[in-house]
Amino acid sequence: MAISLSFSPPDRLIISLNSVFLPPMPMWKSNTINRNYSNNRDYRNVSISAINSSPKIVRDRSLDRHVVKQSKIRFVQKLKTLLLSKPKHYMPLSILAKCRSYLALSKPHSLLSMIHRYPSIFELFTIPLPPTALNATKSYSQLCVRLTPAAAALATQESHLKSTMSETLARKLQKLLMLSSHRRLLLSKLVHLAPDLGLPPSFRSKLCNGHPDKFKTVDTSYGRALELVLWDEHLANISPAPEVKSGLIVDRPLKFKHLRLRKGLNVKRPHRDFLIKFEELPDICPFRTPMEELVKESVEAEKRACAVVREVLGMMVEKRTLVDHLTHFRKEFGLPNKLRGMLVRHPELFYVSLKGQRDSVFLVEAYDDKGAFIEKDDFLVIKDRLMELVREGKRMRRDRKNARIHNVDYDVRNESDDDYDDDYGDGLDDLFESDDSGADGGGDDDNDDESSDFFGVRKKHDFWTAEAPNVVNREGGKDLQPW
């Protein structure tokens, strides 16, 4: 069988199939174009329709570096939290070795070498062991680790800041409860957001019980929960949108509708038309509009879901959190099952970072074009000083290495693992997850299958339808507040 193409008028294409068994039978294929539709397209009547495939994520290095910076100090923050949880703020290495899974330290790497990587934050010392019946005459000592004076002073400042901002942290919890459908949230789910919100590790025992005028803890069939007591009308308003500079020389209305996106981000025209149409929809207040009043998987429901995520991210210290943490609150906040797909679908509001073992979501309006915070939280100042201590420790290790090369008597023990990558995987969740973390339930696993349509339309080419404090005296002075 052979295929031959015959010449034809420009509006038609003739394809004829020649076979020795069948007579030639031409097939006419129309090649006409609806020129009236292509030339007179009305962008004001763009339908909000869904496509089967999700948009491609365009990486933003200026935002990804925040995730990388967090991964570099993960071990420091975890070990610091362990030390501060003890009454005297130190731990023997024999006991600390049992916490390797929490510290996410793989077996080939020594715990002692990781401590030596941060000489400006951790220091080693020995304490005598009490005599035993078998060794009554010999004296033994055990190696312990504690914070350096500079790191201890920084931890004291952080603890004091959290105690002074107790009222602000309580308003965050109150606002989260006002966003929930039943005005109640499980404590086992709140621990996922606690570090990002800036809550102290003891927030369940102190912060939750220290403001009975706002909320209270109750027992439920799923575990302990935090329940709203007082509805605050001042908090029941959506956060105002930031002022956007037009950058135009002549102050006059634009001829075409403008969509503000991150620098270097371009989207296809159907996606842009959808985002412009979505932006023109009236705002829906998630505090005053319950999810039950909206049609499931409708445009209004997605508008409300975006407003909920925007309010939650706006309460975070770094205006970001893990996507997995948000999925724990899908039922309480009325979020869609395909939450990650919704976040990717709105690059004008959110940015999903693929850095790390789990995806993070950023609130785009909280950062400028260079990835810097527009309004910096007070807790970020503490984190920046911690990063300075980490860099100082790196300089100290470099000086040790140079001294070893020049045959200077320097203590360089356990320097073999200095090139160990800081971006190791996180074995467990944050230490905030404790006794009642198992009440999460297995029904909150995120299903990010983007193969189905969003609003029930399966048309192939349609886009979207549906000064630092005093140093802590570690021997007899005032101790930091334990858990």
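## Glu311 and its partners

At 1% relative accessibility, Glu311 counts as buried, where buried means under 20% relative accessible area, exposed over 50%, and partly exposed in between (1.4 Å probe, protein chains only). Glu311 forms a salt bridge with Arg310, whose closest N and O atoms lie 3.8 Å apart, the term standing for a side-chain nitrogen of Lys or Arg within 4 Å of a carboxyl oxygen of Asp or Glu. Arg310 is buried as well, with a relative accessible area of 13%, and a network of salt bridges links Lys175, Arg310, Glu311 and Glu365.

## Basis of the model

This is a predicted model, in which local features need pLDDT of at least 70 and side-chain atom pairs count only at pLDDT 80 or more, while totals for chains, interfaces and linings use all residues. Residues are numbered from 1 along each chain as its sequence is written, and side-chain values use heavy atoms, with hydrogens and water left out.

## Other salt bridges

The structure holds 20 salt bridges. Among them is the pair of Lys214 and Asp213, with the closest N and O atoms 3.7 Å apart; Lys214 is buried at a relative accessible area of 10%, whereas Asp213 is partly exposed at 44%.

A salt bridge also joins the side chains of Lys216 and Glu227 (3.8 Å, N to O). This pair links distant parts of the chain, with Lys216 in strand β8 (residues 215-220) and Glu227 in strand β9 (residues 223-228), 11 residues apart; strands are DSSP runs (E, at least two residues), numbered from the N terminus. Lys216 is partly exposed, at 41% relative accessibility, while Glu227 is buried, with a relative accessible area of 16%.

Notes: Helices (H or I, at least four residues) and strands (E, at least two) are DSSP runs, numbered from the N terminus.
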